[in-house]
Amino acid sequence: MIHADTHSRPALRRLLRAKRRALTPAQQRQAARCLYRQLAQHPLFRRARHMALYLPNDGEIDPILLQREAQRRGKQVYLPLLARWPRTHMRFQRIDAGESLQRNRFRIAEPRPQASRQRRPWALDLLLLPLVGFDDGGGRLGMGGGFYDRALAYRLRHRNWQKPVLLGLAHACQQVDRLPLESWDVPLHATVTDRGWHAGCRREELEEARAGQHLHHA
Ligand SMILES: Nc1nc2c(c(=O)[nH]1)N(C=O)[C@@H](CNc1ccc(C(=O)N[C@@H](CCC(=O)O)C(=O)O)cc1)CN2
Ligand SMILES: Nc1ncnc2c1ncn2[C@@H]1O[C@H](COP(=O)(O)OP(=O)(O)OP(=O)(O)O)[C@@H](O)[C@H]1O
């Protein structure tokens, strides 16, 4: 496993992105099937009525089987959509099966903007996040745009706003020992890989620390 503290953030991103891109199409298909088996029967997935996921890019694990299953079960499925302005903002917009998409400035497909189909993140039940690297404590390293952290920043201000449940999706090879936490990082409930679940156990620790409480006395 990669030791995060021996690399700068950009170096860590390069290394982990190269790892996931090196997976063959057959390995990617297999990983997508295993991911589906990890999640499809889980209560968090079964209960969710409004859920956001993503279209894979740059070797990310593919949630397409979960998307199809969600649509089969009549759930509302949302994709991230980069706002024209401000350019740092990302929204979530409902898509229909077979809807035509367009490419954003990072060449990732997204729906055509339509305000009536958008939903605020706190009104979603489940958010499946792409990531570059993860650790065992709910830590997430993304592509570096800060889009998810910004969209979820309300969680750091309102600790009792629980929605949506945040699940990172990744290939097992994207795990690192421990990511340094930034003040704006929003911890994941768990990360699900093709091999299993990694509960975000640092979450409470982190939230307690943020609230200025001290759990441990010397
Ligand atoms: N599948 C997927 N969709 C997503 C994200 C993601 O991580 N994965 N995002 C999560 O935030 C947002 C897009 N964020 C991104 C942030 C940076 C780069 C990036 O640096 N890409 C290039 C440069 C490409 C270019 O400028 O043309 C790179 O590969 O270096 C890409 C996406 C919204 N949609
Ligand atoms: N809540 C926020 N408010 C303002 N700026 C933010 C916020 N969250 C993150 N940022 C900015 O976004 C930039 C990128 O953050 P970071 O490297 O953590 O992104 P990331 O989580 O890897 O990317 P992404 O979420 O898009 O996948 C940082 O420079 C940070 O200052």
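**The two ligand shells: a guided dialogue**

Guide: Among the elements around ligand 2, α5 gives the most to the shell, with 4 residues. This is a predicted model, in which local features need pLDDT of at least 70 and side-chain atom pairs count only at pLDDT 80 or more, while totals for chains, interfaces and linings use all residues. Residues are numbered from 1 along each chain as its sequence is written, chains are lettered from A and ligands numbered from 1 in the order in which they are written, and side-chain values use heavy atoms, with hydrogens and water left out.

Visitor: What makes a residue part of the shell around ligand 2?

Guide: A residue is near a molecule if one of its heavy atoms lies within 4 Å of it. By that rule 15 residues surround ligand 2, the closest being Arg-13, Arg-140, Gly-142, Phe-147 and Trp-184.

Visitor: Which residues are closest to ligand 1?

Guide: The closest are Arg-17, Leu-55, Glu-60, Phe-106 and Met-143, and 15 residues surround ligand 1.

Visitor: How do you know that Glu-60 makes a polar contact with ligand 1?

Guide: A nitrogen atom of ligand 1 is 2.7 Å from a side-chain N or O atom of Glu-60, which is within 3.5 Å, so the pair meets the definition. For Arg-17, a side-chain N or O atom is 2.4 Å from an oxygen of ligand 1. Leu-55 places a backbone N or O atom 2.7 Å from a nitrogen of ligand 1. Taken alone, ligand 1 exposes 690 Å², and the protein buries 72% of that.

Visitor: What makes a shell residue nonpolar, polar or charged?

Guide: Ala, Val, Leu, Ile, Met, Phe, Trp, Tyr, Cys and Pro count as nonpolar, Asp, Glu, Lys and Arg as charged, and the others, Gly among them, as polar. On that basis the shell around ligand 1 has 11 nonpolar, 1 polar and 3 charged residues, and the shell around ligand 2 has 5 nonpolar, 4 polar and 6 charged.

Terms used:
Helices (H or I, at least four residues) and strands (E, at least two) are DSSP runs, numbered from the N terminus. A polar contact is a pair of N or O atoms within 3.5 Å; within protein, one must be able to donate a hydrogen and the other to accept it, and residues adjacent in sequence count only if both atoms are side-chain atoms. Accessible areas come from the Shrake-Rupley method with a 1.4 Å probe; for residues, only the protein chains shown count as cover.
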